[in-house]
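Hello,

Here is the structure we spoke about. My notes on it follow below.

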Amino acid sequence: MDITFEHVTHVYGRKTPFEKLALDDVTIRIPSGSFTSIIGHTGSGKSTLVQHINGLLKPSEGKITVGNFVIHAHEKKKDFKELRKQVGFVFQYPEHQLFEETIIKDVCFGPMNFGISDAESTKRAEESLQLVGLPASFWHRSPFELSGGQMRRVAIAGVLAVRPQVIILDEPTAGLDPKGREEILSLFDDLHARLKLTIIMVTHNMSDAANYSDQVIVMDGGKLLLAGSPKHVFLQEDLLRKVGLDIPETMLFLNKVLDKAGSKDKIPAFTVDEAADAVIRILNGVKDHV
Amino acid sequence: MEKIIEVSDLSYRYSEEQPYVLKNINFTVNKGEWLSIVGHNGSGKSTLAKCLNGLILPQRGTVNVGGFMTSDEEKIWEIRRLVGMVFQNPDNQFVGATVQDDVAFGMENHGLSREIMAERLSEALRLVRMDQFAKSEPHRLSGGQKQRVAIAGIVALQPLIIIMDESTSMLDPEGRKEIIQTVRALNRDRHLTVISITHDLEEAIHSDRLLVMNDGELIREGKPHDLFKSTALLRKIGLDLPFAIKMRNVLRAKGVPLSDTALFQEELVDELWTLHSSM
Amino acid sequence: MFNLVIGQYVPLDSYVHHLDPRSKLIGVFLFVVIVFLANNWLTNILMILFCFAGILLSKMQLSYIYRGLRSILLIVLLTFVLNLFLASGGTTLFSWGWFHVTTGGLTQSVFIAVRIMVIIVVTTLLTLTTSPIEITDGMESLLNPLKKIKMPVHEFALMMSISLRFIPTLLEETEKIIKAQAARGSDFTTGSLRGRIKAIVPLLVPLFVGAFKRAEDLAMAMEARGYHGDDGRTKLHQLKWSWRDSLLISALVLLALLLIFARN
């Protein structure tokens, strides 16, 4: 399911004193099966952008296509159920949406809403809970007895149980400790690799954006600033800094090494391993020159 | 060094049926230092923090703050004035309808006169660079700005200690930077003792001293440079190593003969350079 | 949604804005009593003039006042029509079946409509020129004597101001949960009544859980910041009664005297 935005504009609170242009003529393409990260300063329009993909927000101008589903500005009320079945959305702090008496019932909520039978919903719920690594002994307990990290995984299972083709993640690791972060990110990385799901992730973490994505989209003031491979995007350090963004910590470190070597080069390395190799190359290079 | 907090043999559990979440904790805090308490979520570090200003009273052991026991009911309000606490969620600690009302809240509780309040209010707001927002309502502020207001409310009470209970974990990178800079300035210029509860080791390496918590126990204590010599333990309890250490370990595995002292990126770069020029 | 709930305080620099909230509260109360003295054309016109004077002194745009009136316009119209048919006296203007519209009925209806409208205008003016927190402060101060008979006046005022503070936060939270559940296929807007009621549960439970968590956090934060009730507490805001306030009350007394004099 390819996703395209054509000249999409979104205005909040039109014709009130609080009118705000949140998206300004955005045109992008997210290919089917890709892992796309969306970065930008708080208030740059990242969240507004992704909420258009499953019809939670409707464009004020422009057109959005998700597979065969088309959303135009100015069109009448539309049933988004079919679209939302295909596009799962994990909100920021998704554990705040849990409400059922038991964990398994909560995970079934999504599939049942989309008209999947009880038996099939339960089956999918169990699969999803296994996928997020919550032991079966928990399934019939109340979700409110869990720790924050466990609740987050239950909420994610609730989205996965619908078996969407596209998953949108709005800062999925906010507030988690390092171990929890790692678990969540590798879960989605795995889903992307194994099931070819399209993943769209809004994040503040440049290293995550660089390490997991095929494409990075940079938003600024409601406008599309940059889009392309992590390499392409993170080599434009000056531009990113101008809009209040950083580069991955590996590159920050390489900058320090390069600086010491008197070089103005930029090296796009995103894992510690790649960066270490680059460090060794730089050191040897300096020696060769001497 | 003058001790400002002394915790001895502290144990705590939420109810009798439940296991202890803090087990036999002993440590001291020196006046003017920056102490980080690290551990993963659920390690007991936040519960420990709440023992330090008497929000939680331990079943066993004692907490002595600036000469007062937290178990002393007469002194509890004085202890809470001496020990300010910034919580995790910026929204859930903002009491006032506006920024100035919120900063004044603590001073009102402690019965300060209106003249003193007005004076300290403007000073505290200037200190956290929120003086332009005195009349703003909380829903118009960013998370980082709200946390700065919380800090102003504490500073206005002229405390000795400020506890940051994961105060940056819900903020974006910019908000995080603002808060850390603000608290660093307070530590440096006003000699405020800082106790920072965090799971972010990158943040913690800048402290004077670290305490490592795991499953309710205090398992390590020391200066960052000493503590990070061996990294296996920190990884085992689910903490993410600071970048310079990850890099140092990988470089060593690739055959670069580095020592195990570098903790900051600058140190690592320097060491690489010395090593390289001596080869 | 926002503007509706938070009240419509419009911060301006005017005579009415600078009044002590206490005098405004007492003023509105007095005015509501005085209104019932008006019973002929002259007294009603006096009431209307007084309202216009208030609006002028508040520098408030008429459209804001109208916004306050709009919501109750239907009720005013309804009482007007009801009175038109029910009240009697004077000469009959026209008849339609059982219904007779008389001159007496017509004037009576106009007076009652004016009475409701001026009351709404004055209370709207109060909320337009006084922030919710000022109103709470004013109420606390006015109700202070009740503390002597152990009424929890301070607690009530604090509760009010914290509720006001958290309204925008909770609205935001509600919107977020509605969206999150909508993304999971829940639908609040279509379907049968039973279906819609069922769809409320996934919204209400998280909202309550969240609100309780907030309340718990807030209580903890307040305690950490030294809150221990009214005892020994000081206040940043001092209410100041000035000549302006005395002027307002005098004006109202004068109005009352005029009305007593001019009424039938």
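This is a predicted model: local features need pLDDT of at least 70, side-chain atom pairs count only at pLDDT 80 or more; totals for chains, interfaces and linings use all residues.

Contact here means heavy atoms within 4.5 Å.

Helix α6 of chain B takes in residues 173-189, 17 residues in total. From first C-alpha to last the helix reaches 24 Å, close to the 24 Å expected at 1.5 Å a residue. Which residues of α6(B) are buried? They are Gly175(B), Glu178(B), Ile179(B), Ile180(B), Thr182(B), Val183(B), Leu186(B) and Asn187(B). An α-helix has 3.6 residues a turn, so residues three or four places apart point the same way. The cover over the buried residues of α6(B) includes the strands β3 (34-38), β7 (161-165) and β8 (193-198) of chain B. Helices α4 (114-127), α5 (143-155) and α7 (201-204) of chain B are also part of that cover. After α6(B) comes His191(B), with a positive phi near 55°.

Chain B also has an open sheet of 4 strands, with antiparallel pairing and the order β2-β1-β4-β5. The edges are β2 (22-30) and β5 (68-69) of chain B; each has a single partner strand, so one side of each is left without a neighbour in the sheet. Within the sheet, strand β1 (residues 3-12) of chain B runs antiparallel to strand β4 (residues 60-65) of chain B, and 5 bridges join the two. Opposite Ser8(B) stands Thr62(B) in β4(B).

Chain C is divided into two parts: domain 1 (2-130 + 240-262) and domain 2 (154-224). How far apart do the C-alpha centres of domain 1 and domain 2 of chain C lie? The distance is 36 Å.

Regards

Notes:
Residues are numbered from 1 along each chain as its sequence is written. Chains are lettered from A and ligands numbered from 1 in the order in which they are written. Side-chain values use heavy atoms; hydrogens and water are left out. Two strands pair if DSSP finds at least two bridges between them. The expected span of a helix is 1.5 Å times one less than its number of residues. Buried means under 20% relative accessible area, exposed over 50%, partly exposed in between (1.4 Å probe, protein chains only). Domain bounds come from an automatic or database domain assignment.
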